[in-house]
Amino acid sequence: MDNIKILIICHKPSRLPKDEIYYPIEVGASNRNEHFLSLRDDLSIDNISNKNASYCELTGLYYAFKNMSYDILGLVHYRRYFMRSSLCLKKKLNNIIDRPTIESCLKQADIILPKKRHYWIESNYSHYVHAHKKEALDKTIEIIKEGYPEYYPSLTKCLKRTSGHYFNMFIAKKEVINGYLSFLFEVLSKLEKEIDTTQYTGYDKRVFGFIGERLLDVYVDTHKLRIHEQHYLFMEKQNWPKKIFAMLIRRLHKPKK
């Protein structure tokens, strides 16, 4: 039987599923004196827990990649889960994706991703530079063009699209996802040397988490991975009018430098 580990990224106590395939992990743990979970992103020498402010959920992912055993690895959030089907519209933990659903999906696909997020009036590039400092994305483009030219055509294609798979959410077999994680953390490590995050504040501080969201589709496209898109739900209320208004305001302003 496959060793399935689905990380639930947590930065505060919350209601969690009891299914044995789910592994709640406390991220940014090295920055706290008191802890709320037994699994944390700082439990080994090889960790980046202290970078959680800028790497976000990726500090938990890094810990799993370097320190945990698995045949299938996935990542969800304490308030955002893959659901078993598009018919599971109730925000209940017993509706989230389970072992049989995962195993069935991965018989036909290489990776499970959340349903695409559509921006319609913006490309992935323009959305990023209106919402975040453009320096980080432009530096990432340079890094990939110069150091990973085999990924550059897919990067260009993905940034021109008006939709993408976001949230750093996925489920995939070890041989698929380990290649991606090696690529991801190598590129982000190089990016760290190219930008000064001490000049980044607030929302922009989460820069490496945001860049990671864009790189997943690039890896998938480059390697022609077979995708299964899975329905997901945000388990808390969202203010959609506020989100849409904020996106329109960003669109009307100049890109952030």
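I took a disulfide to be a pair of cysteine sulfur atoms within 2.5 Å.

**Ground rules.** I noted that this is a predicted model, in which local features need pLDDT of at least 70 and side-chain atom pairs count only at pLDDT 80 or more, while totals for chains, interfaces and linings use all residues. Residues are numbered from 1 along each chain as its sequence is written, and side-chain values use heavy atoms, with hydrogens and water left out.

**Cysteines.** I searched the whole structure for disulfides and found zero. C10 is in none; its nearest cysteine sulfur belongs to C56 and is 15 Å away. For exposure I used relative accessible area: buried is under 20%, exposed is over 50%, and partly exposed lies in between (1.4 Å probe, protein chains only). C10 counts as buried because its relative accessibility is 1%. C105, at 10%, also counts as buried.

**Helix α5.** I took helices (H or I, at least four residues) and strands (E, at least two) as DSSP runs, numbered from the N terminus. Helix α5 covers residues 134–147, which makes 14 residues. I set the expected span of a helix at 1.5 Å times one less than its number of residues. For α5 that gives 20 Å, and the end C-alpha atoms are 20 Å apart, so the two agree.

Which residues of α5 are buried? I listed A136, L137, T140, I141, I143 and I144. Viewed down the axis of α5, these buried residues fall within an arc of 165°, so they line one face of the helix; the arc is that of the directions from the helix axis to the C-beta atoms. An α-helix has 3.6 residues a turn, so residues three or four places apart point the same way. On the face turned away from the buried side of α5 I found the exposed residues K145 and E146. Counting contact as heavy atoms within 4.5 Å, I found the buried residues of α5 packed against α4 (124–131), α6 (152–160), α7 (174–192) and α8 (207–222).

**N67.** I placed N67 in helix α2 (residues 58–67). N67 counts as partly exposed because its relative accessibility is 32%. Leaving out residues up to four places away in sequence, N67 touches S44 and D46. The N67 side chain reaches the backbone oxygen of D46 at 3.1 Å. I also checked N67 against I227: they are 160 residues apart in sequence and 27 Å apart in space, C-alpha to C-alpha.

**Aromatic rings.** I paired rings of Phe, Tyr and Trp (its six-membered ring) if their centres lie within 6.5 Å; planes under 30 degrees apart are stacked, over 60 edge-to-face, and the rest tilted. The count came to twelve aromatic pairs. One of them, Y151 with Y219, is stacked, at 5.9 Å centre to centre and 25° between the planes. Y151 sits in the loop between α5 and α6 and Y219 in helix α8, 68 residues apart, and the pair links these distant parts of the chain. Y151 is buried at 7%, and Y219 is buried at 7%.

I looked at F183 and Y219 next: the ring centres are 5.9 Å apart and the planes are at 35°, so this pair is tilted. F183 lies in helix α7 and Y219 in helix α8, so the pair ties together parts 36 residues apart in sequence. F183 is buried, at 6%.

Conventions:
A polar contact is a pair of N or O atoms within 3.5 Å; within protein, one must be able to donate a hydrogen and the other to accept it, and residues adjacent in sequence count only if both atoms are side-chain atoms.
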